[in-house]
Amino acid sequence: MNRRNGHGYRMPAFQSRHPNGDERSGINYRRIPWGRRLPPPRDVAILQERANKLVKYLLVKDQTKIPIKRSDMLKDVIQEYDEYFPEIIERASYALEKMFRVNLKEIDKQSSLYILISTRESSAGILGSTKDTPKLGLLMVILSVIFMNGNKASEAVIWEVLRKLGLHPGVRHSLFGEVRKLITDEFVKQKYLEYKRVPNSRPPEYEFFWGLRSYHETSKMKVLKFACKVQKKDPKDWAAQYREAVEMEVQAAAVAVAEAEARAE
């Protein structure tokens, strides 16, 4: 906006930049935020290159079975292309599925945690590699005890079962090492188990629950069948658990159909 002086001439509007980053024009201000940067231009070749790097990164990270954080992917691989995260991760997911037969799953949207799940059907669908077979057996025992006890089991109940298998807290095992550390630390960090203190318990008591990863890598029906095989029973002998397992199978099938339709679009 221009102003007239006393002689009728138009004077240019006064403009200056305030030290705080505001642009001043007359009496109006427009804030220009400090630190904002424009994203780099979309270059398909570069986005695919970042996706390829992300595939390698995820495969290496997954060896620990500890869920991978979105923040780590951004920091270590995607970097200044964070604005294109959805496209990069979609490209990486496609490569993982087609080349390595694994799916990238976000198991915790609040914390943005991801895991890789094999699309190959296995007896348990959990832990993934044959070298972990002993740990797989132990984990399946614990998951079955939790499920058969109403989806939670006290630490005392878990150790009662493990002692029958010759496993004792504080005693190092030839295959598992320190068993207590394995189930309360390693399996918990990997999100196979949750280990929570019972509120207001004195002295402190703890309970085990299924972790988020377990819900994605196996199912209650598979765990129920595992328990039945061990005890030589039919799944229908546990009517309540069988109904719950069937309901979970139906829900999982519906989710799978919805995801397939979304990918097709």
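View 1. Arg101 is partly exposed, with a relative accessible area of 43%. The model shown here, as in every view, is predicted. Arg101 sits in the loop that links α3 to β7 (102–108). Its phi is near 55°, a positive value in a residue other than glycine. Most residues other than glycine have a negative phi.

**View 2. The chain as a whole.** The protein chain has 9 helices and 13 strands. It runs to 265 residues, of which 33% count as buried. Consider the contacts with a separation of 6 or more: residues 24 or more positions apart account for 51% of them.

**View 3. Helix α2 and its buried face.** Helix α2 spans residues 70–78, and its buried residues are Met73, Val77 and Ile78. Down the axis of α2, these buried residues fall within an arc of 65°, so they line one face of the helix. What covers them? The cover includes α1 (44–61), β6 (68–69), α3 (85–100) and β8 (113–118). Just past the end of α2, Gln79 takes a positive phi of about 55°.

**View 4. The largest nonpolar core.** This core has 30 residues. Leu138, Ile158, Ile183 and Leu193 have the most contacts inside it. Elements giving two or more residues to the core are α4 (133–148), α5 (155–164), α6 (179–189), β13 (206–210) and α8 (220–231). Of these, α4 gives the most, with 10 residues. In soluble globular proteins, nonpolar side chains tend to be buried together.

**View 5. Ile158 and its contacts.** Which residues does Ile158 touch, beyond those up to four places away in sequence? They are Ile142, Val145, Ile146, Ala153, Ile183 and Phe208. Elsewhere, a second, separate core holds 22 residues, including Tyr57, Met73, Ala92 and Tyr114. Met73 is also one of the buried residues of α2.

**View 6. Where α4 crosses α8.** The two helix axes come within 9 Å and cross at roughly 100°. That makes α4 roughly perpendicular to α8. On the α4 side, the contact is made by Gly137, Met140, Val141, Leu143, Ser144, Phe147 and Met148. On the α8 side, Lys220, Lys222, Val223, Leu224, Phe226 and Ala227 take part. The residues of this contact divide into 9 nonpolar, 2 polar and 2 charged.

**View 7. Ile146 in helix α4.** Ile146 belongs to helix α4. Is this residue buried or exposed? Ile146 is buried, with a relative accessible area of 0%. Setting aside residues up to four places away in sequence, Ile146 touches Asn151, Lys152, Ala153, Ile158, Leu193, Phe208, Phe209 and Trp210. Phe208 is 62 residues from Ile146 along the chain, yet their C-alpha atoms are separated by 6.9 Å.

**View 8. Val161 in helix α5.** Val161 lies in helix α5. At 26% relative accessibility, Val161 counts as partly exposed, since buried means under 20%. Beyond its neighbours within four places in sequence, Val161 is in contact with Val141 and Val145. Val161 and Val141 are 20 residues apart in sequence and 8.6 Å apart in space, C-alpha to C-alpha. Val141 also takes part in the contact of α4 with α8.

**View 9. Asp62, a buried charged residue.** Asp62 is found in the loop between α1 and β6. Asp counts as charged, and Asp62, at 13% relative accessibility, counts as buried. Which residues does Asp62 contact, leaving aside neighbours within four places in sequence? Asp62 is in contact with Ile68, Leu116 and Arg213.

**View 10. The cis peptide bond at Pro203.** A cis peptide bond joins Arg202 and Pro203, with omega about -5°. Most peptide bonds are trans. Pro203 lies in the loop between β12 (193–197) and β13.

**View 11. Lys232, an exposed loop residue.** Lys232 lies in the loop between α8 and α9 (239–264). It is exposed, with a relative accessible area of 75%. Lys232 has a positive phi of about 55° although it is not a glycine.

Conventions: Residues numbered from 1 in each chain as written. Predicted model: local features only at pLDDT ≥ 70, side-chain atom pairs only at ≥ 80, totals over all residues. Heavy atoms only, no water. Buried < 20%, exposed > 50% of the residue type's maximum accessible area, 1.4 Å probe, protein only. Helix = DSSP H or I, 4+ residues; strand = E, 2+ residues; numbered from the N terminus. Arc of directions from axis to C-beta. Contact = heavy atoms within 4.5 Å. Core = buried A, V, L, I, M, F, W, Y, C linked by side-chain atoms within 4.5 Å. Axes fitted to C-alpha atoms, helices over the stretch in contact; angles between N-to-C directions. Parallel < 35°, antiparallel > 145°, perpendicular 65-115°, else oblique.
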